[in-house]
Amino acid sequence: MSVTKKTLKAPAKGLPLPKELLLQMLDLMIKSRVLEERLIKIYKAGESYFWIGGPGEEAWGVPLGLLVNKGRGHKHDYLHLHYRCSPTLVAMGMPMIDSVRIMMNRATDTSTGGKNFSNHFCYPEWNVTPVSSPIEVQYQMAIGTAWAQRRENKANTKTKGVTIVTGGDAGSAEGDFASCLVWSSRKGYELPILITVQNNKWGISTAYEGQHGEKSVADRGKAFNMRTEVINGNDPIETYIKLKEILEYIRREGKPVLLEATTSRLYGHSSASGASPIPEVDCNREFSMRLMEWGLITEKEIAAITERYETEAREAQELARTEPVPQPEDIWKHIYANNENADWRKF
Amino acid sequence: MANMAQAVRMALHVGEEHLGVKDIFGQDVGAPLGGVFTATQGLKTAWNTPLDERGIIGCAMGIAMTGDRCVAEIQFCDYIFNTVDLLKIAGNTLWVSHGNYNMPLVVKTPVGAGIRGSVYHSHSFDAWATRLPGWKVVMPSNPLDAYGLMLSAIEDPNPVLFLEPKALLRVRGEELLPGEPSDERELKAMIDAPLGDRSKWKPRWPKLDETFRVPIGKAKITREGDRATVVSYGRMLTLCNRAADELKAEGCAVEVIDLRSLYPYDWQTVRASILKTKRVLFVNEDTEVTNFGEHLSYRVTQELFYDILARPRLLAGKNVPGVGLHPNYEDSSVPQYKEIVEEIRALIAEVP
Ligand SMILES: Cc1ncc(C[n+]2csc(CCOP(=O)(O)OP(=O)(O)O)c2C)c(N)n1
């Protein structure tokens, strides 16, 4: 951290959020970043085939993870995430080892059993539906969980689960994004759904400008009479405050919101583009500096947090190395529920 | 006797009342129309979706992820093709999530030719459907099986594709559904929506046996015989039955098997019949290249090669881009009754 001079000054109007929360967010942002950097190291050491993930989205993802109503079933929030959502899962309480196990395709990976790429999470106990590689399909499935929640929220007014869906800016060109807007905003059938776009200004290598005529993706929601917001997803304070209010609105009104958060892509698209640092706004750095300026934390303390998580991440890798890998016969498991036979040779 | 559309409708009603179905949806599926083939008339959970097939499948997947039961309709299978990647995901979600997320959903869709439906109301989907691992695929050939298979499909914890041979949807069955009134006019008065204003209409559902099932994965021998085996499903099955009756009148007994479930399929019944007759013909109307019948005949050559007396045959749709409207197009594209009879005769006449 390059800040040496500390002003030790709280902002004039007092802290925008409780001190404990600010420190908790920074802690989780560091944890998430360290975890992703460990995954990149695992890739570069040749211990995995591919990396894709969310460094640069911590300021957006951590507040989201802290604000979701976590649990299983209609009463809780459903999450339809994409492959950059590690900060959200870390904030929800995911142990680092879970992510490392996916990265190293261990049999112990509870999200995919060693079948899928990094950050393809699945936690039914938290309503985190499986992250899937095809861009934008999650915006279609989100319609269904939101529909089921709308039905249950109406039947039981104490139930206020909402659906949250995430994805990138380039992906919003897919028809699935339009489907989500159409189905969420039908008059009299509005869905309790937070439709989000993390705008990092890039597809893989295609710039935002080359793909979009609309000024902001969020503007598209206006045609559907839904509330829209554009927030600075590099600022965890703004994100937390706005997200909190928006989620309360959706729970209260049962109506959709389209929210666009600007984010960074700090290690490029994926390992396919090198997974090397890219000079963009680094939300962790900025937030660290701010909290140091406010006298809430020192550089030394930040270094200690970072080191603690680095140790945890390294130990997770060391443990995962010793764990069993999937076996050839496992290809036939879980094709049908209750492991009913799906091999035609045995019909 | 109920027709197949009425049978499906009654099964869906039982699904709503007894099997936890909370949503039945698709284009024009709700009131006032109740589906372009009337299969969803009068159902209390039926609703109209936007005209968006991907949304329909995605919505069904999301509902299934919550554990709720739903039945989604694609109005014609000709319009299901833009959802294929979602169907792939519905089929692989349990597997890829390592057993975490079941996909208990039913997608029903009318398939096949036979109503002069031209290029975009005549497609088949059975060959495509059998390339969607994780799905179960069923296709009834009569109202009773439609009733029993739909109930099994709703109950199944996996995604089930329920293919409705569209030319059979208005055809009456030969057997009563358990509990169905014996007078078909009475049934019609009870459950068919009236023409004109339907805003005050409510169906009176007959008390059907809600425990009746046709298990998924079980074929049915519809004609017994020892000279050859014919395996089919859907509309083609009814033509195969007729062909067997014609040949029977000539003293030639042909065994016909209604596969009913394409995946998982009842190999034991097919195998036992082929071992008895030593000759087999597969009949379906999807296009012939990488056709599901090719898989079945491949399996026959692999497992029963030294037991049979003739090469296994497949009669399927010609590998052309579509079914044209003029009868000369349709009749030259999809298997016709006469061709089936000729193919069976040739199969029986083949000398090893
Ligand atoms: C349907 C589909 N098309 C193409 C791809 C390949 N692909 C993976 S990520 C990506 C770019 C996505 O960009 P964006 O939606 O902006 O999200 P970001 O990766 O920038 O967060 C592409 C083209 C894919 N996975 N799925």
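Predicted model: local features only at pLDDT ≥ 70, side-chain atom pairs only at ≥ 80, totals over all residues.
Pro264(B) lies in a loop of chain B, between strand S10 (261-263) and helix H8 (267-277).

The peptide bond from Ala31(B) to Pro32(B) is cis, and here omega is near 5°. Pro32(B) also sits in a loop, the one between strand S1 (21-26) and strand S2 (46-48) of chain B.

Stay in chain B for a charged pair. Side chains of opposite charge can pair when their charged atoms come close. Arg116(B) and Glu330(B) form a salt bridge, with 3.6 Å between the closest N and O atoms. The two partners belong to distant parts of the chain, 214 residues apart. Arg116(B) is in the loop between strand S4 (105-111) and helix H4 (126-129) of chain B. Glu330(B) is in helix H10, residues 327-333 of chain B. Over all chains, the structure holds 47 salt bridges.

Now move to the contact of the two chains. Chain A brings 47 residues to the contact, and chain B brings 43 residues. The size of an interface is often given as the accessible area lost when the parts come together. For chain A and chain B, about 3700 Å² is buried between them. Carbon and sulfur atoms account for 63% of that area.

Which charged side chains meet here? Asp68(B) and Arg151(A) do, in a salt bridge with an N to O distance of 2.9 Å. Five salt bridges are found across the interface of chain A and chain B. Polar contacts join 20 residue pairs between chain A and chain B, counting pairs with both residues at pLDDT 80 or more.

Look next at the side of chain A that touches chain B. Strand S1 (78-80), helix H5 (137-155) and helix H6 (175-184) of chain A each supply at least two of its residues. The largest share comes from H5(A), with 10 residues. By class, this side of chain A has 22 nonpolar, 16 polar and nine charged residues.

The ligand comes next. It has 15 residues around it, and the nearest are Tyr83(A), Arg84(A), Ala170(A), Gly171(A) and Trp202(A).

Which atoms of the protein lie at the oxygen and nitrogen atoms of the ligand? Arg84(A) places a polar side-chain atom 2.7 Å from an oxygen atom of the ligand. Asn200(A) has a side-chain N or O atom 2.9 Å from an oxygen atom of the ligand. At Ser133(A) the backbone takes part: one of its polar backbone atoms is 3.1 Å from a nitrogen atom of the ligand. How much of the ligand does the protein cover? On its own the ligand has 590 Å² of accessible area, and the protein covers 71% of this.

End in chain A, at Lys201(A). This residue is not a glycine, yet its phi is positive, at about 75°. Lys201(A) lies in the loop between strand S3 (193-199) and helix H7 (208-211) of chain A.

Note on methods: Residues numbered from 1 in each chain as written. Chains lettered and ligands numbered in written order. Heavy atoms only, no water. Near = heavy atom within 4 Å. Polar contact = N/O pair within 3.5 Å; in protein donor to acceptor, adjacent residues only side chain to side chain. Areas by Shrake-Rupley, 256 points an atom, 1.4 Å probe, with all protein chains shown as cover. Contact = heavy atoms within 4.5 Å. Buried area = accessible area lost by both parts, 1.4 Å probe. Salt bridge = Lys/Arg side-chain N within 4 Å of Asp/Glu carboxyl O. Helix = DSSP H or I, 4+ residues; strand = E, 2+ residues; numbered from the N terminus. Nonpolar A, V, L, I, M, F, W, Y, C, P; charged D, E, K, R; others polar.
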